[in-house]
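Reader: Could you take me through this one, and tell me what stands behind each label you use?
Author: Gladly! Here it is.

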Amino acid sequence: MMKRTSAHKNLLNIDEGATPEHDLWVTVLSKAAHDALYCTDWRESRIAIAWFKAGGFNFRKVCEYAGRDPSYVHKVMKLPIQKRENEMNGKRN
């Protein structure tokens, strides 16, 4: 069973009447959040973390297509990503 944070739950909210394309982009964003926070392959986790932290063009477009504000997503993911990086670097939270 996958552990979910409130940040992750917020990324999963799907609006009533959303299109299949919208649902797809919500899923893409959710998968990236899962990879950043819970993936056991640390290489993949680090790639996802870098994607969120950079907040580049692709990140902004995925957020836009998913109907999410990139600034909000970045803000919500900041603390969980910091905790994950500490875990990956062997530091206590």
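Author: Let me start with a definition: buried means under 20% relative accessible area, exposed over 50%, and partly exposed in between, with a 1.4 Å probe and protein chains only. This is a predicted model, where local features need pLDDT of at least 70 and side-chain atom pairs count only at pLDDT 80 or more, while totals for chains, interfaces and linings use all residues. Residues are numbered from 1 along each chain as its sequence is written, and side-chain values use heavy atoms, leaving out hydrogens and water.

Reader: Why is Cys63 called buried?
Author: Its relative accessible area is 0%, and the cut-off is under 20%, so Cys63 counts as buried.

Reader: And what makes Cys39 buried?
Author: Cys39 has 15% relative accessibility; that is under 20%, so the label buried applies to Cys39 too.

Reader: Which residues of H3 are buried?
Author: Ser45, Ala48, Ile49 and Phe52. They cover an arc of only 100 degrees around the axis, so they sit on the same side of H3; the arc is taken from the directions from the helix axis to the C-beta atoms. Arg43 and Ala54, on the other side of H3, are exposed. H3 itself spans residues 42–54, helices being DSSP runs (H or I, at least four residues) numbered from the N terminus.

Reader: What covers the buried residues of H3?
Author: The cover includes helix H2 (20–38), helix H4 (57–65) and helix H5 (70–88).

Notes: Helix = DSSP H or I, 4+ residues; strand = E, 2+ residues; numbered from the N terminus. Expected span 1.5 Å × (residues − 1). Contact = heavy atoms within 4.5 Å.
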